[in-house]
Amino acid sequence: IVALDKQANELGYHVRRWMYLYLINEPHTMDIMVGERGFLHTFKGLMTPIIKKGVKDLYKINPEKSGKSKERIDVLIDDIEAALLANGSDGKQGYLVGKQFSFADISVCAMAAPLFGIEGTPWVVPSHVVPPEPLEQYKQALLARPFGQYVMRVYASDRKARVDWRGQ
């Protein structure tokens, strides 16, 4: 379980770096980051360029580094999917460890969620936004794999959130 948690954390870092290459300049991304109320929202016009620069610096966002992150995402997903299959899951049923939902599932699925834009998460893409082609193509490719089916199933059936990410 500890190894899967480490893989999930690494996956999350690389997912953010790769996706921010395409999304950091999207208004929807900034809306998520500044929130719907509070200090950042109050000073959104002032804070947006500061947040963008901070994220770009933190993740060292550039095409070369983001490309390396995409390669690492592929390897991590292959490894996690292999663990899923080794545990008897085909994506449509089963879990990463044992026969029931665990922290390993929570960790992996939470870090992968931005790749899927799952309803009820901050990563859902508004209907008026067209996702960048590389992100949409990757999402579709993952949905055809056991890993993608597993993440979507966990969010649909095991997450059991009573409210959405906004607390509603």
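Visitor: Which residues are buried in α6?

Guide: A residue is called buried when its relative accessible area is under 20%. In this predicted model, the buried residues of α6 are Ala104, Asp105, Ser107, Val108, Cys109 and Ala112. The cover over them includes α1, α5 and α8.

Visitor: How far apart are Val108 and Asp5 in sequence and in space?

Guide: The two are 103 residues apart along the chain, while their C-alpha atoms are 7.1 Å apart. For the protein, residues 24 or more positions apart supply 73% of the contacts with a separation of 6 or more.

Visitor: Which elements make up the protein, and in what order do they run?

Guide: From the N terminus on, the order is α-α-α-α-α-α-α-α. The count is 8 helices and 0 strands. The radius of gyration is 16 Å, close to the 15 Å that the globule rule gives for 168 residues, so the protein is as compact as a globular protein of that length. The C-alpha trace spans about 50 × 40 × 30 Å along its principal axes.

Visitor: How is a nonpolar core to be read, and which residues have the most contacts inside the largest one?

Guide: A core of this kind is a set of buried nonpolar residues joined through side-chain atoms. The largest here holds 29 residues, and Leu11, Leu115, Phe147 and Val151 have the most contacts inside it. Two or more residues are given to this core by each of α1 (2-23), α5 (63-86), α6 (103-112), α7 (133-143) and α8 (146-158). The largest share, 7 residues, is that of α1. A second, separate core has 9 residues, among them Tyr20, Met30, Met47 and Val55.

Visitor: Which residues of α8 are buried, and what covers them?

Guide: The buried residues of α8 are Phe147, Gly148, Tyr150, Val151, Arg153, Val154, Tyr155 and Asp158. Their cover includes α1, α5, α6 and α7. As a case in point, Val151 touches Cys109, Ala112, Phe116 and Ile118, residues up to four places away in sequence not being counted.

Visitor: What does Arg145 contact, and where does it lie?

Guide: Arg145 is in the loop between α7 and α8. Apart from neighbours within four places in sequence, Arg145 is in contact with Ile77, Asp78 and Glu81. Its relative accessibility is 23%, and Arg145 therefore counts as partly exposed. Ala144 lies in the loop between α7 and α8 as well, and at 61% relative accessibility it counts as exposed.

Visitor: How far from Gly91 are Arg145, Ala144 and Val2?

Guide: Between C-alpha atoms, Arg145 and Gly91 are 7.7 Å apart, at 54 residues apart in sequence. For Ala144 and Gly91, 53 residues apart along the chain, the C-alpha separation is 10.0 Å. For Val2 and Gly91, 89 residues apart along the chain, it is 21 Å. Val2 is in helix α1 and is exposed, with a relative accessible area of 58%.

Notes: Residues numbered from 1 in each chain as written. Predicted model: local features only at pLDDT ≥ 70, side-chain atom pairs only at ≥ 80, totals over all residues. Heavy atoms only, no water. Helix = DSSP H or I, 4+ residues; strand = E, 2+ residues; numbered from the N terminus. Rg over C-alpha atoms; globule rule 2.2 N^0.38 Å. Contact = heavy atoms within 4.5 Å. Core = buried A, V, L, I, M, F, W, Y, C linked by side-chain atoms within 4.5 Å. Buried < 20%, exposed > 50% of the residue type's maximum accessible area, 1.4 Å probe, protein only.
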